[in-house]
Amino acid sequence: MKIQIVSTVCMVLAAASPSCTVDNEGRATRNGARADQENALPGTCVDHCGGRSAEQCYCDDECTDYGDCCDDYQDECVAPGTGGNETTGGNETTGAQTDGSTPGTCEGHCGGASPDGCACDDACLADGTCCEDYVDVCEDPEDPNGCTKNVVLMGYWPPTNEMLRQWSTNPEQNPGEWTGKNWGGHGYDVYAFFPEFPPDGNPSNDPFGSEGRVGSPDFDLQVDYQRTSEDFWKIVDANKPTIIITTSRGGGIGWEVEAIEGGHGGEGNPAYDWSSDGYGGQTRPTENSIDPRSWTAISTWRGDDVLTTKLPVDEIVEAAKALDLVSVEVDEDGTSGNYLSGFLGLHGLAYADKHPSVLAAGHIHVGISVPNGDAQALMEATLQAVLEAHPASTASCSSD
C-alpha cells in the first residue's frame with residue numbers, strides 16, 4: 001500500500017527533516033518544502049512520468065511539493081524550456097504524446113479529421129491518432145458509450161450569420177470566445193456555421209449571382225445549391241448533431257418558425273422545383289451536381305409530400321414573445337420557399353428523418369430588419385427553449 005511505502009520514505013527523511021509527516025493521502029510532507037535534485041530519492045522515472053516509479057519514488061507533478069521525486073524526474077518528465085510543466089510521459093517532448101494522442105484539437109471536427117493533422121473519429125482510440133482533446137470534446141465523460149450530444153446551428157444572410165457568431169469555432173468568424181461548450185449547462189456542445197459576404201458584409205448591395213451576394217468561397221454555406229449540399233453533409237457527418245436548427249433571412253415577420261418543408265413542384269425533374277441561384281455554371285440542384293443524399297431529399301419530399309418540423313414550436317414562440325422584441329409567428333401552411341432557404345431547411349428535416357437519434361430539427365426565418373443584437377437574443381431564447389424541451393439525459397447515442 002502507498003501509505004506504507006511513503007511512511008518508510010518519511011522515516012528515511014526524518015533525520016534530515018524531523019517534521020516529516022504523512023498526510024491523509026499517504027504522501028510524505030516536509031513543511032511544504034519543495035524538493036530539488038539534492039534531496040530527490042533514488043529511482044528512475046523512465047516510463048513512469050505522471051505516476052509512481054517501481055523504486056517507490058514519484059514522477060508526477062506533486063512530487064516536487066512532497067519531496068518524493070525520483071532523482072531523474074527533472075530530466076525525464078519535465079519538458080526543457082517549459083518552466084517546469086510536466087509532460088505526459090516519455091523521455092522527451094515530441095509531436096506525439098505517449099498516451100497515444102497527438103497535439104491538436106477536435107473542436108468542431110468530431111467524427112472526422114482535424115486540420116491539425118490528428119483524428120476525431122471512433123477509430124482513433126484504437127490506432128492512436130486521436131487529437132489530445134478527443135475524449136473531452138467528442139465523448140461525454142459521464143457516458144462510457146461516448147454519446148454525441150452536439151447542436152448544429154446554420155445560417156445564411158444577415159442577420160442570421162451575425163447572430164450565430166458566438167457559437168463558431170472558426171477564429172476568422174468569431175474572434176471572441178467560443179461559448180458553445182456545454183452551453184448554458186445543458187449538457188450539449190453548440191456549433192454554428194454560416195457564410196461571409198465581401199466586401200461589406202451586406203449581400204443586398206451586390207448583384208444577384210455575384211460572390212458578394214452568395215458569400216465568400218472561403219467559408220461554409222455559400223448561398224448556392226452545390227456548395228450548400230457539399231457543406232451541409234460535411235458539417236453533419238463531422239458533428240453528428242442531436243439537434244439541428246437552420247435559419248435564413250425572411251421578410252417582415254421578425255421570428256417565423258416554419259412548420260413544414262418540401263412539397264414544391266412534383267412533376268418532371270426535381271431540380272426545377274427550385275429557383276435559379278444565378279451562381280456558377282450550374283444554377284439549380286441537378287442530380288450530378290449535388291450530394292446523392294441531397295438529391296434523394298429533393299426527389300422524395302416534393303409535390304404533396306412534406307416533412308413536419310421537429311422543433312418544440314410552442315415553447316419557442318413563448319420564449320421569443322417573452323422578449324417583446326419583434327413579431328413572432330408560426331408559418332403553418334407555407335414552407336421556407338423554393339430558393340436556398342427552403343433547400344437548407346429541407347436538408348435539416350431530411351437528416352432528422354433518416355437519423356432517429358436527432359431529437360429536434362427545423363427552420364426559422366428571421367426578419368430582414370431585425371437588428372443583430374435582437375436576433376442574437378432571440379436565437380439564445382430559442383436555443384434555451386429547445387434544450388429545455390430535450391434534456392441531454394434523453395439523448396441517445398447515434399446509431400450511425
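## A tour of the predicted model

Begin with cysteine 63, which has a relative accessibility of 0% and therefore counts as buried. The model on screen is a predicted one.

**Other disulfides**

The whole structure holds six disulfides. Select cysteine 45 and cysteine 59 for another of them; their sulfur atoms lie 2.2 Å apart. This disulfide is left-handed because its S-S torsion is about -100°. Both cysteine 45 and cysteine 59 sit in the loop between β2 (28–29) and α2 (63–66), so the pair ties together parts 14 residues apart in sequence. Cysteine 45 and cysteine 59 are both buried.

Next, select cysteine 118 and cysteine 131, a disulfide with 2.0 Å between the sulfur atoms. Here the angle about the S-S bond is 90°, and the link is right-handed. Cysteine 118 is in the loop between α3 (73–77) and α4 (124–127), while cysteine 131 is in the loop between α4 and α5; the two are 13 residues apart. Cysteine 118 is buried at 4% relative accessibility, and cysteine 131 is buried at 2%.

**The nonpolar cores**

Move to Met154, Phe232 and Ile244, the residues with the most contacts inside the largest nonpolar core, which has 44 residues. Elements that each supply at least two residues of this core include β3 (150–154), β4 (189–193) and α8. Colour α11 as well: its eight residues are the largest share of the core. Among the residues that methionine 154 touches are Leu164, Phe193, Leu221 and Leu344. A second, separate core of 33 residues includes Val151, Ile243, Val370 and Val386.

**Arginine 227**

Go to helix α8, residues 225–239, and select arginine 227. Is this residue buried or exposed? Arginine 227 counts as buried because its relative accessibility is 14%. Its side chain makes a polar contact of 2.6 Å with the side chain of aspartate 231. Show also Pro217, Phe219, Asp220 and Gln222, which arginine 227 touches.

**Glycine 362**

Finish in strand β10 (residues 360–366), where glycine 362 lies. Glycine 362 is at 3% relative accessibility and so counts as buried. Its contacts include Ile244, Thr309, Leu311 and Leu349. Select threonine 247 too: its C-alpha atom is 8.5 Å from that of glycine 362, although the two residues are 115 residues apart along the chain.

Definitions and conventions: Residues numbered from 1 in each chain as written. Predicted model: local features only at pLDDT ≥ 70, side-chain atom pairs only at ≥ 80, totals over all residues. Heavy atoms only, no water. Helix = DSSP H or I, 4+ residues; strand = E, 2+ residues; numbered from the N terminus. Buried < 20%, exposed > 50% of the residue type's maximum accessible area, 1.4 Å probe, protein only. Polar contact = N/O pair within 3.5 Å; in protein donor to acceptor, adjacent residues only side chain to side chain. Contact = heavy atoms within 4.5 Å. Core = buried A, V, L, I, M, F, W, Y, C linked by side-chain atoms within 4.5 Å. Disulfide = S-S within 2.5 Å. Lists of a residue's contacts leave out its neighbours within four places in sequence.
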